[in-house]
Amino acid sequence: MSLSTALRVAQNSIFNASLQTSVTSRNISESGNTNYARRDVELVTTSAGATVFSVRRAENQELLRNSLAAMASSAGQASIADGAARLNNVINGTDNSTSPATFLTQFENALQLFATDPSNDLTGEQAIYAAKELANGISDASVAVQSYRTRLDSEISSGVETVNALLDKFKIANDEIVRGTATGQDVNDALDTRDTLLKEISQYISISTNTRDNNDLQIYTSEGVTLFETLPRKVSFEPTASYSPGNAGNQVYIDGVPLTSGSGASTNAIGSLAAKLQMRDDVAEQVQGQLDEIARGLIVQFAETDQSGGGGPALAGLFTYSGGPAIPGGATAVNGIALTLSVNAAFDPSVGGSADVLRDGGANGANYVQNTNGGAAFSTRLNSYIESIGQTITTDPSFGLAGSYSLSGYAQSSIGWLDGVRSTATRAAESKQALSDRLETALSSNQGVNLDEELSMLIELEQSYQASARVISTVNNMYATLLQSVG
């Protein structure tokens, strides 16, 4: 090897070591950044020794796709688990302290106390107070369900705005990558940005990708709807200002195609938007339907019947609603009846009524009086009401509780149903999060930075630099010796 060739090889080696050191240092500085993919310097052999061919970004597209899918699934399930817990809290409170079942038990106890001493005005008023607590609790729960749906609607709207903003950022990064790839520029940082945006988008919507020439990326939803192709497609949603029972919310549209909501406690919703649509229009509405059924049961079971033999209709008694005094018939739920459930004013001493009406009957006129003799010790009617709470009633099976129930049993089962949704959703969320974490860890191991390896590389590069420097120094000395000998 000639001295000039040795010098050229040594100079190339120093240049390579300098570039590799710069890349390795960058890797080390970014080791804590989960959205950074490791850079590796690729060398090729030439007549002048090893030469830098490219700075390659570590990537594994299959792992990335699997990680994005698991991330979206986890985000959807987490929304169901969190939503069910929030809904359970606003309806049933801590330790079920504000649940309809708890209020019903308290009312039943007060009713039994009144039945043992029907002449006692104080126990009668306590029974009416407990009835008002029950009616107000169910009505307030219904208001809370609709307020919860309104909050979900706002969260969906915010999520849609975020997705549109992310797609705009994605276009900037994708355009930079396409231009840079076509002209041979370094686009590794833009690729990091683009992958980060994909992760963020997948929190809201399940996505898949397709790579075209010059690293141009297309994004589709899991249902095959185009989300991005050169330009972002519009994700649209029209929020609803407020909700009432049975009022279905608006859909999220992607390029004009409605996003399908999920179903089931272990939901098939992928991404938080589909899951929140499910919570808003499925889970919350089933809870509302159960409240309506409890309210309907109370109105029917505590209705007054004609005692004169004249065949008059049964009319709302202790409990009434906006459609009273007629009572709801059949076995079909009355949409939103829980929202207006109240205690009949004729029974309420605080507004001029009397608790004696609960004992005697007659809120709907003389034909509905059961205690016709006016006896202060009359308890037949009170005892029949107590029995009715435990009697089997016909309920609408549309709200997740099919089968035969008593009024108290239905109220207790309603607690169990929502807690079951919460429990199942929470377990599924933990499982899906674990899968997402494992895939994210695998992706990080595959394309992330290993500090031990990078520090070891720095030591090797330092040694290579020193060796090349010694070669250059030796060649310089040899040139100097030759020049001196010639002179």
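Trainee: Which helix holds Leu198?
Mentor: In this predicted model, Leu198 lies in helix 5, which covers residues 188–202.

Trainee: Is Leu198 buried or exposed?
Mentor: Leu198 counts as buried, because its relative accessibility is 2% and the cut-off for buried is under 20%.

Trainee: Which residues does Leu198 touch, leaving out those up to four places away in sequence?
Mentor: Leu198 touches Leu68, Phe170, Ile207, Thr209, Leu217 and Ile219.

Trainee: And how are Leu198 and Ser208 separated?
Mentor: These two residues are ten apart along the chain, and the C-alpha atoms of Leu198 and Ser208 are 9.4 Å from each other.

Trainee: Let us turn to helix packing. How is a pair of packed helices described?
Mentor: One gives the angle between the two axes and the distance between them.

Trainee: What are those values for helix 2 and helix 6?
Mentor: Helix 2 spans residues 61–92 and helix 6 spans residues 272–301; their axes come within 9 Å and cross at roughly 30°. Helix 2 is therefore roughly parallel to helix 6, since angles under 35 degrees count that way.

Trainee: Is that crossing left-handed or right-handed?
Mentor: Helix 2 passes helix 6 in a right-handed crossing.

Trainee: Which residues of helix 2 meet helix 6?
Mentor: From helix 2 come Ala75, Gly76, Ser79, Ile80, Gly83, Ala84, Leu87 and Ile91. On the side of helix 6, they meet Ser272, Ala275, Lys276, Gln278, Met279, Val283, Ala284, Val287 and Leu291. By class, this contact of helix 2 with helix 6 has eleven nonpolar residues, five polar and one charged.

Trainee: What about helix 2 and helix 9?
Mentor: The axes of helix 2 and helix 9, the latter being residues 407–447, come within 7 Å and cross at roughly 155°. Because angles over 145 degrees count as roughly antiparallel, helix 2 is roughly antiparallel to helix 9. The crossing of helix 2 and helix 9 is left-handed, and their contact comprises 20 nonpolar, eleven polar and three charged residues.

Trainee: Now the core. Which residues touch the most other members of the largest nonpolar core?
Mentor: That core has 97 residues, and Leu87, Phe107, Leu298, Leu318, Phe319 and Leu358 touch the most other members. Helix 4, residues 121–183, gives the most to this core, with 18 residues.

Trainee: What is Leu298 in contact with, its neighbours within four places in sequence aside?
Mentor: Leu298 is in contact with Leu104, Leu134, Ile138, Phe319, Leu341 and Leu407.

Key
Residues numbered from 1 in each chain as written. Predicted model: local features only at pLDDT ≥ 70, side-chain atom pairs only at ≥ 80, totals over all residues. Heavy atoms only, no water. Axes fitted to C-alpha atoms, helices over the stretch in contact; angles between N-to-C directions. Helix = DSSP H or I, 4+ residues; strand = E, 2+ residues; numbered from the N terminus. Parallel < 35°, antiparallel > 145°, perpendicular 65-115°, else oblique. Left-handed = near helix turned anticlockwise from the far one by under 90°. Contact = heavy atoms within 4.5 Å. Nonpolar A, V, L, I, M, F, W, Y, C, P; charged D, E, K, R; others polar. Core = buried A, V, L, I, M, F, W, Y, C linked by side-chain atoms within 4.5 Å. Buried < 20%, exposed > 50% of the residue type's maximum accessible area, 1.4 Å probe, protein only.
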